Amino acid sequence: MKQYSFFSYASNEALHLSADERVIIQDYMNKIAHELEHPIDRFSKPLIISNIEVLLNYCMRFYERQFVTREVLNNDVLIRFEQLLDEYWDSGTARLQGLPTVKYFAEKVCLSPNYFGDLVKSETGKSPHELIQSKIAEIAKSALLDPKMNTKQVADMLGFQYPQHFLRFFKKKVGCTPKEYRTQNNLTVCS
C-alpha cells in the first residue's frame with residue numbers, strides 16, 4: 001500500500017478525471033461491487049484483490065497524468081518552494097527551528113506532504129528532501145567561504161543541533177570535511 005501515496009493526499013488534492021478515465025474507474029468499481037455481492041467461492045477473494053490492484057494502478061496512472069497536465073500550477077508550487085527554501089535561512093528560521101522538513105514546506109504551499117513530494121519528484125526528478133539537502137549543502141559551502149565564521153557557527157546557522165551532525169552531513173554531500181573544503185579554497189578561519 002505504501003506505493004500508493006495518494007491515500008495520504010488531502011481532499012483538495014483529489015484525482016481529476018477525464019470522462020474516459022471516469023468510465024474506467026467506474027467499471028472497476030462495478031466489478032468489485034459485483035464480486036462483493038456475488039456468493040463467495042474460492043475465486044472471490046483473488047478476483048476482488050486483482051480488481052482493486054488494477055483500480056489502484058489506474059489511479060496511479062491518472063495521478064501521474066494529472067501532474068503533467070497541471071504543469072502551470074505545479075511550476076507555481078516549485079517556484080514558491082524555492083522561495084520558501086531561501087527564506088528559511090535568510091530569515092534565521094533554521095537557527096530557531098532547526099533543519100526544515102518536507103512537511104514544513106508542504107504546509108506552507110497548502111499541500112499534504114505526500115502530494116507535495118509526488119509533485120516535486122514528478123517535476124524535478126528529485127524528492128523535496130533531496131532538494132532541501134542540496135540547498136543546505138549549497139548554503140554551507142558559501143558560508144564556509146566566509147573566514148569570519150567557524151564550523152560550529154555555520155552548523156548553528158543552518159539549523160544543525162550538533163556540529164558533528166553537520167560535519168557528517170557535509171562530508172556525505174560534498175565529499176570532504178568543512179576543514180578540507182576550506183583548505184581547498186585557501187581559506188584560513190579566524191576564531
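The structure is a predicted model, in which local features need pLDDT of at least 70 and side-chain atom pairs count only at pLDDT 80 or more, whereas totals for chains, interfaces and linings use all residues. Residues are numbered from 1 along each chain as its sequence is written, and side-chain values use heavy atoms, with hydrogens and water left out.

The secondary structure of the protein comes to 10 helices and 0 strands, where helices (H or I, at least four residues) and strands (E, at least two) are DSSP runs numbered from the N terminus. Read along the sequence, the pattern is accordingly α-α-α-α-α-α-α-α-α-α. Of the 191 residues of the protein, 34% count as buried, a term that denotes under 20% relative accessible area, with exposed standing for over 50% and partly exposed for the range in between (1.4 Å probe, protein chains only). Among contacts between residues at least 6 apart in sequence, 65% join residues at least 24 apart, contact being defined as heavy atoms within 4.5 Å.

Helix α7 (residues 128–144) packs with helix α8 (residues 151–158) at an angle of about 145°, and their axes are 10 Å apart; the axes are lines fitted to C-alpha atoms, for helices over the stretch in contact, and the angles run from 0 to 180 degrees between N-to-C directions. On the α7 side, Ile136, Ile139, Ala140, Ala143 and Leu144 take part, and they meet Thr151, Val154, Met157 and Leu158 of α8. The residues of this contact divide into 8 nonpolar, 1 polar and no charged, on a scheme in which Ala, Val, Leu, Ile, Met, Phe, Trp, Tyr, Cys and Pro count as nonpolar, Asp, Glu, Lys and Arg as charged, and the others, Gly among them, as polar.

Threonine 151, which lies in helix α8, is partly exposed at 22% relative accessibility. Not counting residues up to four places away in sequence, threonine 151 touches Leu144, Phe166, Leu167, Pro178 and Arg182. The C-alpha atoms of threonine 151 and proline 178 are separated by 7.0 Å, although the two residues are 27 residues apart along the chain.

Lysine 135 lies in helix α7 and is buried, with a relative accessible area of 11%. The side chain of lysine 135 makes a polar contact with the side chain of aspartate 86 at 2.4 Å; such a contact is a pair of N or O atoms within 3.5 Å, of which, within protein, one must be able to donate a hydrogen and the other to accept it, and residues adjacent in sequence count only if both atoms are side-chain atoms. Leaving aside neighbours within four places in sequence, lysine 135 is in contact with Leu85, Asp86 and Trp89.

Serine 44 is found in helix α2 (residues 44–69) and is likewise buried, with a relative accessible area of 5%. The side chain of serine 44 reaches the backbone nitrogen of aspartate 41 at 2.9 Å, and, with residues up to four places away in sequence not counted, serine 44 touches Glu35 and Pro39.

Leucine 17 lies in the segment before α1 (19–37) and counts as partly exposed at 22% relative accessibility. Leaving aside neighbours within four places in sequence, leucine 17 is in contact with Arg22, Ile25, Phe62 and Arg65. Leucine 17 and glutamine 66 are 49 residues apart in sequence and 8.4 Å apart in space, C-alpha to C-alpha.

The structure holds 0 disulfides, a disulfide being a pair of cysteine sulfur atoms within 2.5 Å. Cysteine 59 is buried, with a relative accessible area of 13%, and cysteine 176 also counts as buried, at 5% relative accessibility. Cysteine 110, by contrast, counts as exposed at 59% relative accessibility and is found in the loop between α5 (102–108) and α6 (113–124). Phi of cysteine 110 is near 60°, a positive value in a residue other than glycine. Most residues other than glycine have a negative phi.
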